[in-house]
Every structure is written in C-alpha cells, then in structure tokens.
Amino acid sequence: MNKIKKFFKWDLSDVSDIFYRSEIEANKIVAITMFNASLVLVISYILNIIGLFSVNNNYFLQAVIVGLIALLIPSIICFILKGRKKWLKYLLLIELTLVYAGIDSMLTFNVTLLIVIPVVLSCRYYDKKFTIFIIVLTVLLYSIGTITNSYMDVTRDLNILNNIEKNINDVSNAEYLRMSFRYSFLPKMFFYAIIASICISSTGKGKRMVAEQKQMTMSHARIDSELSLATSIQANMLPKIFPPFPTENAFDIYAIMHPAKEVGGDFYDFFKVDDNHIAIVIADVSGKGIPAALFMAISKTIIKNTLLECSPSVTMFKVNNMLSEGNEAE
C-alpha cells in the first residue's frame, strides 16, 4: 500500500525552479487524465456491446485495445519518471490527441469536446509555443479523420443527414466530402478556434502569473535570508558569554532576549565602567522589526561609548540629544 501511495504521490521539495515544478505537476494532471480516459474507453466498449453505439464490435474492440495501450503506457512511464523529463509533455499530449482523434472518427455522432481536451490541458504548461503546437496537431489529425470518414461513408451526424433530401447511397464521395466539410467540419472548427484562442491567451497570462509568483518567491527568500542574517548579527551584539566576569566572586550576571519577531528593539548590555563600577543597560525601542533593530544598534553603541566617559545623568542627556538629531520618524 505504501508503494502504491508513493507511486501516485510525488515529492517536489527538491525542485526550486517554479516553471519546472509547474511542468512536472502538469505532467501528472495529464497522466491522471489518461488513466481516466482509459477507464472511459472500457466503459464505452461495454455501452457499445449493449447497443448504445452503432460501431462494429470487432473493430471497436481492436480500437479499444490500441487506445488502452496508447493511453496507459505513456501515463505509466510518466509516473515511473515522476514527470521529470522535458519530453514527457510531448509524449503524453500527442498520444492523448491521437486517441481522441481515433475515438471521434469511430463514433457516429459529434463529440466536439474531445477535440478541446488536449488543448485545454496544454495550457497548464504555460508554454504558448507548446499550446500552439498541440492546436495545429489537433486540427491536422481531426482533418485527416474527417476526410477518411467521408470516403468510408461513415455517418458523423445523423441529425444533419436527416435534413438532406438525398439517399446517402446516391451521394458521391466527393459530394459527401463537401457536405461533411460544410455541415460538420467547419462548425466544429469554428467552435474549436474560439476555444483555441482562449487557451493561447490563458497560457500567456498563466505564464506571467507564474513568473510573478517566482519573483515574489525569490524576493521573500531574499528577505528571509536577510532577516536571518540580521537576527544573527543582533544576537551577536548582545553579551552572551556567561559568566561574563569569571574572576569576580562577589556577584554574577545572566541575561537572555527573545525578540517577538526575527529582530526587534529590546536590548540589554553590561560592562565594567571602572574597577569599582559596573553598568547595566536595559532598553526597549518603540516598534518592531528592522527599524527598531537599527535604532537599537545605534542606541547600544552610543550609550556604552558615552557612559565610559560620563556619569549616567550626563550620558542620558547626550544620548538623547544624539538620538533626537535628524530623527524625523520620531
């Protein structure tokens, strides 16, 4: 059971490039679609046996077997490789388009949605050239299917033929081809052109969104890295070696700080002013984050430097003036 779960569940934690990650996920979506399509193909054959479709059973059985092979083998290859090959998208969608074109050529009624599915799936790769390639391939395959069926006198749409005041046996191949082109192929291509244009537009917009997401991810990663570095710098600015005065037996000091965010404005300090005095500083800068941390670094430095030369009252007076100078943010 765990092996089956691992087969269908892909770990993409090691994939940093967002476009590559998106392509891998798209491969998985197409592979799952092909699994589902193979199931639908089996169900279609069963429905044909009970008479819902008017297709020769022997011919349909051969087509189902070929279709299952064409659908399952590429999808299984995709899952074995975890979708991590650049050529997989071509293998998957070309096979899917071939199978759907074959299904459309066999059925005796229009299944226009089949022509759209491969193109819609290609949008998930956010590659406009690839989407256009699938569009051209789909039109080519369905055009070949339409011409072939016309010469084989396979009825594509019974509703259209009921309105034609001729017997199908009296219609020549050339005339039937013309009627099929006019009443079936052109309407389908018109519908398909609308969907295809939407897909191309969606592909371009999707790629821009992924690019923006990539930029945001990189920006957040850079900020996180800088905050992590700032946290380390701020922690190193505070006394952290204890006991601080190993030779002193008269007193002991210990301190620790946990900022509310990665960095903050609280700080402490202690140091000997002379042989008989020790200074202890505990402070809280108004605010949080980077601005407070910058103000903390400045305050800690000038307090220590001033207090080594002046009394506490004079130190606070001078430090206050220095901090207030040019502090427009208050």
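Helix 9 covers residues 289-307, 19 residues in total, and spans 27 Å from first C-alpha to last, close to the 27 Å expected at 1.5 Å a residue. The model is predicted.

Several positions in helix 9 are buried: Gly289, Ala292, Ala293, Met296, Ser299, Lys300, Ile302, Ile303, Thr306 and Leu307. An α-helix has 3.6 residues a turn, so residues three or four places apart point the same way. Lys300, a charged residue by type, is among the buried positions of helix 9.

Now the chain as a whole. It holds ten helices and two strands. Along the sequence the order is α-α-α-α-α-α-α-α-β-β-α-α. Of the 330 residues in the chain, 36% are buried.

The surface also carries a patch of positive charge. Its residues are Lys128, Lys129, Lys205, Lys207 and Arg208. Which helices each supply at least two residues of this patch? They are helix 6 and helix 8. The largest share, three residues, comes from helix 8.

| Helix | Residue range | Part in the positive patch |
|---|---|---|
| Helix 6 | 128-151 | at least two residues |
| Helix 8 | 173-237 | three residues, the largest share |

Conventions:
Residues are numbered from 1 along each chain as its sequence is written. This is a predicted model: local features need pLDDT of at least 70, side-chain atom pairs count only at pLDDT 80 or more; totals for chains, interfaces and linings use all residues. Side-chain values use heavy atoms; hydrogens and water are left out. Helices (H or I, at least four residues) and strands (E, at least two) are DSSP runs, numbered from the N terminus. The expected span of a helix is 1.5 Å times one less than its number of residues. Buried means under 20% relative accessible area, exposed over 50%, partly exposed in between (1.4 Å probe, protein chains only). Patches are made of residues with over 30% relative accessible area and no salt bridge: like charges are joined within 9 Å, nonpolar side chains (Val, Leu, Ile, Met, Phe, Trp, Tyr) within 5 Å. Accessible areas come from the Shrake-Rupley method with a 1.4 Å probe; for residues, only the protein chains shown count as cover. A salt bridge is a side-chain nitrogen of Lys or Arg within 4 Å of a carboxyl oxygen of Asp or Glu. The place of a charge is taken as NZ of Lys, CZ of Arg, CG of Asp or CD of Glu.
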